[in-house]
Amino acid sequence: MEALGTVITYIIAISGGFLAALWVASIFWGYQDIADRTLDLYARLFAVTLIVLLGPIGVVLYLVLRPKRTLDEAYEHSLTEEALLREIQEAEYCPKCKHRVERDFVMCPNCHSDIRRQCPSCSRVVEVFWERCPYCTESLRRPDS
Ligand SMILES: [Zn+2]
Ligand SMILES: [Zn+2]
């Protein structure tokens with residue numbers, strides 16, 4: 001029976017070693033994962049402590065509590081939001097009918113009123129009240145004014 005006892009001890013030692021390795025690996029994984037998600041030192045410390053103290057339960061708790069986005073994803077998300085916001089802020093509207101117009105429209109597509117005009121020299125879109133073209137310095141005064 002002594003041989004069986006040795007085998008059992010051996011199995012316990014191996015599975016213990018395996019669990020210990022798994023535990024250490026999960027600590028390293030947690031450390032890397034939280035580093036990708038937050039710059040907050042206390043949050044990082046908390047995440048690692050959770051896994052160190054509770055092992056697999058700590059990993060599960062961490063997966064529930066961790067920030068949803070990695071820092072890269074959060075950065076990309078903020079860029080998208082910024083672009084959307086800029087588009088909304090930069091939207092222009094016809095002064096007469098409030099129809100949405102593009103920045104380089106010369107005429108409102110809805111009420112056909114002049115929003116801007118084209119420089120007679122370089123054909124670029126210029127504001128109605130400009131006296132000279134900022135692109136080619138051509139005078140924009142109309143002959144009648
Ligand atoms: Zn209009
Ligand atoms: Zn011009």
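This is a predicted model: local features need pLDDT of at least 70, side-chain atom pairs count only at pLDDT 80 or more; totals for chains, interfaces and linings use all residues.
Colleague: Which exposed residues sit on the face of α3 turned away from its buried side?

Modeller: Pro56, Ile57, Leu63 and Val64. Residues are numbered from 1 along each chain as its sequence is written, while chains are lettered from A and ligands numbered from 1 in the order in which they are written.

Colleague: What are the buried residues in helix α3?

Modeller: Gly58, Val59 and Tyr62, in a helix covering residues 56-65. Helices are DSSP runs of H or I with at least four residues, strands are E runs of at least two, and both are numbered from the N terminus.

Colleague: Why do you say the buried residues of α3 line one face?

Modeller: Seen down the axis of α3, they fall within an arc of 100°, so they line one face of the helix. That arc is taken from the directions from the helix axis to the C-beta atoms.

Colleague: Why is Lys98 called exposed?

Modeller: Lys98 has 11 C-beta neighbours inside 10 Å, so Lys98 counts as exposed. Its place is the loop between β1 (92-93) and β2 (100-101).

Colleague: And what makes His112 exposed?

Modeller: His112 has 10 C-beta neighbours inside 10 Å, so His112 counts as exposed too. You'll find His112 in the loop between β2 and β3 (116-118).

How values were computed. A residue is buried if 20 or more other C-beta atoms lie within 10 Å of its own, exposed if 12 or fewer, and partly exposed in between; C-beta atoms are placed from the backbone.
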